Amino acid sequence: MVQYSSDRLDASFAALSDATRRGVLEQLGQGDASITELADRFHMTLTGMKKHVGVLEQAGLVTTEKVGRVRTCKLGLAGLEEEAAWIESRRRIWKTRFDMLDHVVEALKRKEENDGRKNG
């Protein structure tokens, strides 16, 4: 069984829970951007954007580099492989459970049809 880092997953999913932060990741997927550019793009204050970038940075999803007075953001090295693997493992569990439920429903339908033929 694959082991997942609970702290890492918690930080990543917390970071991804916000629409603005997801938007920042999408924007950075198109290219690096300064915090000022991101703040303008999302119509928010520099302070607000710095907080969002900080959450993404703590989760390892974004890195920043300050050159002079400009702090540039880029996608982090962490990627989302571990998060995707965790989601996929849960998806397989649910799929298996729904498949088992389908078998139960089909068996009940066949029994109901057979009972109807016997009584009809």
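Mentor: Keep in mind that this is a predicted model. Start with strand β2 (residues 62-67), which is joined to β3 by six bridges, the two running antiparallel.

Trainee: Which residue stands opposite T64 in β3?
Mentor: That's C73. Further along, V67 stands opposite V70 of β3.

Trainee: And how many residues sit between the strands in the hairpin of β2 and β3?
Mentor: Two, and G68 in that hairpin takes a positive phi near 65°.

Trainee: OK, what about β1, how many bridges join that strand to β3?
Mentor: Two bridges, between β1 (residues 33-34) and β3 (residues 70-75), and this pair runs antiparallel as well. For S34, the bridge partner in β3 is T72.

Trainee: So in what order do the three strands form the sheet?
Mentor: The order is β1-β3-β2, in an open sheet with antiparallel pairing. β1 and β2 are at the edges with a single partner strand each, so each has one side left without a neighbour in the sheet.

Trainee: Switching topic. How many aromatic pairs does the structure hold?
Mentor: Two. Take W94 and F98: their ring centres are 5.8 Å apart and the planes are at 35°, so this pair is tilted.

Trainee: Where do W94 and F98 lie?
Mentor: Both are in helix α5 (residues 81-119), four residues apart, which is about one turn of the helix.

Trainee: Which charged end sits over the ring of W94?
Mentor: The one of R97, 6.0 Å from the ring centre. Elsewhere, R41 has its charged end over the ring of F42, 5.6 Å from the centre.

Trainee: Back to F98, what's its relative accessible area?
Mentor: It's 48%, so F98 is partly exposed. L101, also in helix α5, is partly exposed too, with a relative accessible area of 45%.

Trainee: Which residues make the nonpolar surface patch?
Mentor: I93, W94, F98, L101, V104, V105 and L108, and the patch comes to about 670 Å². So W94 and F98 turn up again: they form the tilted pair, and both belong to the patch.

Technical notes:
Residues are numbered from 1 along each chain as its sequence is written. This is a predicted model: local features need pLDDT of at least 70, side-chain atom pairs count only at pLDDT 80 or more; totals for chains, interfaces and linings use all residues. Side-chain values use heavy atoms; hydrogens and water are left out. Rings of Phe, Tyr and Trp (its six-membered ring) pair if their centres lie within 6.5 Å; planes under 30 degrees apart count as stacked, over 60 as edge-to-face and the rest as tilted. Buried means under 20% relative accessible area, exposed over 50%, partly exposed in between (1.4 Å probe, protein chains only). A charge sits over a ring if NZ of Lys or CZ of Arg is within 6 Å of the ring centre and within 35 degrees of the ring normal. Patches are made of residues with over 30% relative accessible area and no salt bridge: like charges are joined within 9 Å, nonpolar side chains (Val, Leu, Ile, Met, Phe, Trp, Tyr) within 5 Å. Accessible areas come from the Shrake-Rupley method with a 1.4 Å probe; for residues, only the protein chains shown count as cover. A salt bridge is a side-chain nitrogen of Lys or Arg within 4 Å of a carboxyl oxygen of Asp or Glu. Two strands pair if DSSP finds at least two bridges between them.
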